[in-house]
Structures are given as structure tokens and as C-alpha cells.
Amino acid sequence: MDDKPDPGPLSESSELFSFGVIADIQYADLEDGYNFQGSRRRYYSHSLLHLQCAIEHWNKESSPPCCVLQLGDIIDGYNAQYKASEKSLELVLNTFQTLKVPVHHTWGNHEFYNFSRDYLTNSKLNTRFLEDQIARHPETMPSESYYAYHFVPFPKFRFILLDAYDMSVLGVDQSSPKFQQCLKILREHNPNTELNSPQGLSEPQFVQFNGGFSQEQLNWLNEVLTFSDRNQEKVVIVSHLPIYPAASDSVCLAWNYRDVLAVIWSHECVVCFFAGHTHDGGYSEDPFGVHHVNIEGVIETAPDSQAFGTVHVYPDRMVLKGKGRVPDRIMNYKKEKAFHF
Ligand SMILES: Nc1ccn([C@@H]2O[C@H](COP(=O)(O)OP(=O)(O)OC[C@H](O)CO)[C@@H](O)[C@H]2O)c(=O)n1
């Protein structure tokens with residue numbers, strides 16, 4: 001028998017559940033360095049201590065989060081140069097093992113600097129086993145050709161993890177037709193010899209360290225959002241790459257961010273879109289009431305600060321409580337769309 005006191009009818013101030021967010025840990029056993037422009041310090045080894053502090057915080061919360069969303073770039077590409085990819089990944093994943101709740105791993109460009117897509121698919125960074133399967137709706141099952149899935153951490157709340165490197169020259173076998181197709185798209189938009197350089201581009205997101213979403217993945221996303229609309233669910237979407245220009249440095253956007261926005265904007269259910277990659281973070285609410293939140297990167301967070309957050313979910317809003325350089329954000333649901341429990 002449940003002997004907890006009856007909380008009475010749920011008001012709009014009752015918290016339903018919470019979840020953790022953290023981005024761009026980019027761990028490497030290296031001295032501090034700088035980003036490509038030389039403007040931001042990167043704390044490669046301290047990032048592991050930042051992760052440990054975040055996990056200690058989540059483990060100690062009186063009402064623990066239902067899960068943590070790891071938004072990609074878990075270890076830095078430098079590990080590949082030093083043949084330390086597996087060792088560093090093991091260290092970071094061992095740290096995540098101390099977390100008392102499940103973690104959902106997103107894949108970013110640094111995953112592909114270290115590992116092939118096949119390796120990642122068979123690794124502990126593949127958390128698709130945590131997916132929800134909607135009975136009698138086979139169209140909501142993702143294909144094996146991209147790394148994406150959806151799950152339901154709390155009734156009527158669906159989370160969708162997207163693969164922003166589904167269309168990319170990273171992590172793809174260079175002899176495959178898909179690699180040639182992606183290279184063609186990249187070259188059509190980026191005439192620079194150095195394909196990582198956005199110099200002179202009218203669409204600066206077309207650089208090698210970004211990627212995009214295949215039509216197949218977009219069709220699948222559309223099917224899941226159709227189901228969520230019909231079932232009056234609230235949806236949270238996560239991806240390594242951001243998709244909304246007002247919330248992000250234009251160089252960091254997904255190649256075909258407009259295509260994802262078009263799908264999302266044709267549905268009512270999406271509350272917010274969480275991404276990493278832009279280490280300075282960012283936020284904007286779009287004209288359709290979707291909140292775009294880019295979480296500040298751990299890798300560029302000084303030892304005396306922090307970079308993670310907990311999102312508290314209420315019947316009418318989500319509230320990001322940020323730690324260190326992650327600001328608090330209130331994300332109200334679209335008007336007339338709050339739950340009335
Ligand atoms: N203008 C640039 C920027 C980067 N590169 C090279 O591209 C590779 C990835 O860059 P890196 O800064 O490591 O990628 P992150 O995912 O950590 O950060 C993305 C955004 O820059 C954050 O704001 C690396 O080899 C760079 O040297 C480049 O050639 N030209």
C-alpha cells in the first residue's frame with residue numbers, strides 16, 4: 001500500500017518529473033588548449049571533473065531526474081591522434097556508470113573523429129535499447145540506417161533523439177555511395193579547399209564538421225510527431241546540432257536545418273529542441289512557440305564554473321535550472337496547450 005500523503009489535485013505548480021542535460025564534454029587526457037579561432041580555452045582533462053560534479057548533483061537531488069540527455073561530443077577528436085579513443089571513452093563511460101538514472105547518448109562530430117558508425121552502433125554510446133515502441137504503428141519505428149529513437153519517460157511526454165550526422169562525410173565508409181552523395185552536397189555549398197572552413201559561404205553551416213538529416217529520417221520524425229499530436233503528447237527533441245538560427249552561431253547549424261524546422265512547425269506537440277555543438281550556448285523561442293536551447297559546452301567551461309542543467313517539467317511549462325554558465329530558462333507550452341490534470 002502506498003502510504004505517501006495524498007498531494008491533492010495537481011495544480012499547474014506541481015512538478016511532474018525532471019531530466020538532466022549536458023553537452024560537449026570532449027574529454028582528453030591533455031593540457032588545456034584553445035578552439036580553432038584561439039578565442040576560447042578548452043579544458044580537455046578538467047571536463048571529466050565537471051562531469052563527475054554534475055553526476056554527484058543529479059544523484060543527490062531529492063527528486064532524482066528520470067534520465068540525463070548527453071548531447072554529443074563525449075570525448076575530443078584529439079584522442080584519435082593519440083590512439084587514446086577507447087581508453088578515454090571507457091573512462092568517461094565509467095564515470096557515467098556512477099549516475100543512478102539512465103543516460104541517453106547523442107552522437108556529434110567528435111564521436112566520428114574517434115570511431116566509425118559501425119563501432120558506435122555496437123558500443124555503449126548506442127542507447128537505442130532504451131527506446132519506446134508504439135504498438136501497431138510500424139511507421140514510428142526508426143530505420144537502422146540512422147541513429148535515432150523516441151522514448152516516453154513520463155506518460156504523455158515523448159522524447160525524440162535525432163541523428164544530425166545521418167547525412168555527413170564523417171563516420172561514413174568513403175567507398176560508399178552515401179559518402180559520395182554527402183561529399184557532393186557539401187562541395188556544392190562549400191567551394192573551399194579546406195571543407196571545415198566556412199570562409200565566404202552564404203550558408204556557413206555547410207562545413208565538414210556538421211551534417212544533416214536524410215529525407216528518410218525526416219519522414220520518420222513526421223510520423224512520430226503525427227502520433228504525438230493525435231495522442232496529445234508534449235515532445236522534447238534532442239540532437240547534437242542546433243536547427244534554429246536565432247539561437248545559434250550560423251556556422252554550427254545542421255546543413256538542412258530548414259527541413260527539420262518545416263517538419264516540427266507542421267505539428268503542435270513540440271515544446272523544445274535541445275542541442276549542443278555551439279559551446280557558447282544559445283536560446284530562442286521561434287514564431288511557432290518551440291523553444292530552442294543550446295547547452296553551453298563543458299569543454300570550454302573553466303574549472304571554477306560548471307555547465308549542466310536540470311529541466312523541471314510542469315503541466316504548463318518546462319523550467320531549465322542551469323548550473324554555472326548554463327542560464328535558467330522558462331519554456332511555456334504553446335497557448336491553450338497546457339495540460340489540465
Ligand atoms: N573555422 C574552422 C573551425 C574548425 N576547423 C576544424 O574543424 C574540426 C572541428 O573543429 P572543432 O572546433 O574541434 O569542433 P567542435 O565541435 O569542438 O566545435 C564546433 C564549433 O566550432 C564550436 O563553436 C577541427 O579539426 C578544427 O581544426 C577548421 O578547420 N576551421
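**Group meeting: a walk through one predicted chain**

Residues are numbered from 1 along each chain as its sequence is written, and side-chain values use heavy atoms, with hydrogens and water left out.

How many disulfides does the chain have? If we take a disulfide to be a pair of cysteine sulfur atoms within 2.5 Å, the count comes to 0. Cys67 is in no disulfide, and its nearest cysteine sulfur, that of Cys66, is 3.6 Å away. Cys272 is in no disulfide either, the nearest cysteine sulfur being that of Cys269, at 11 Å. Cys272 counts as buried, at 0% relative accessibility.

Leaving aside its neighbours within four places in sequence, Ser228 is in contact with Arg158, Glu233, Val235 and Cys269. Ser228 is found in helix H7, residues 215-230, and is buried, with a relative accessible area of 0%.

Is Lys87 buried or exposed? At 65% relative accessibility, Lys87 counts as exposed, and you will find Lys87 in helix H3, which covers residues 85-96. Between Lys87 and Ser47 there are 40 residues in sequence, and 15 Å in space from C-alpha to C-alpha.

Now to the chain as a whole. Its secondary structure comes to 8 helices and 14 strands, these being DSSP runs numbered from the N terminus, with helices (H or I) of at least four residues and strands (E) of at least two. Buried residues make up 58% of the 341 residues. For contacts between residues at least 6 apart in sequence, 66% join residues that are at least 24 apart.

Finally, with 341 residues, a compact globule would have a radius of gyration near 20 Å, and the 19 Å of this chain agrees with that; the radius is taken over C-alpha atoms, and the globule rule is 2.2 Å times the number of residues to the power 0.38. Along the principal axes, the C-alpha atoms fill a box of roughly 65 × 40 × 35 Å.

Definitions and conventions:
This is a predicted model: local features need pLDDT of at least 70, side-chain atom pairs count only at pLDDT 80 or more; totals for chains, interfaces and linings use all residues. Buried means under 20% relative accessible area, exposed over 50%, partly exposed in between (1.4 Å probe, protein chains only). Contact means heavy atoms within 4.5 Å.
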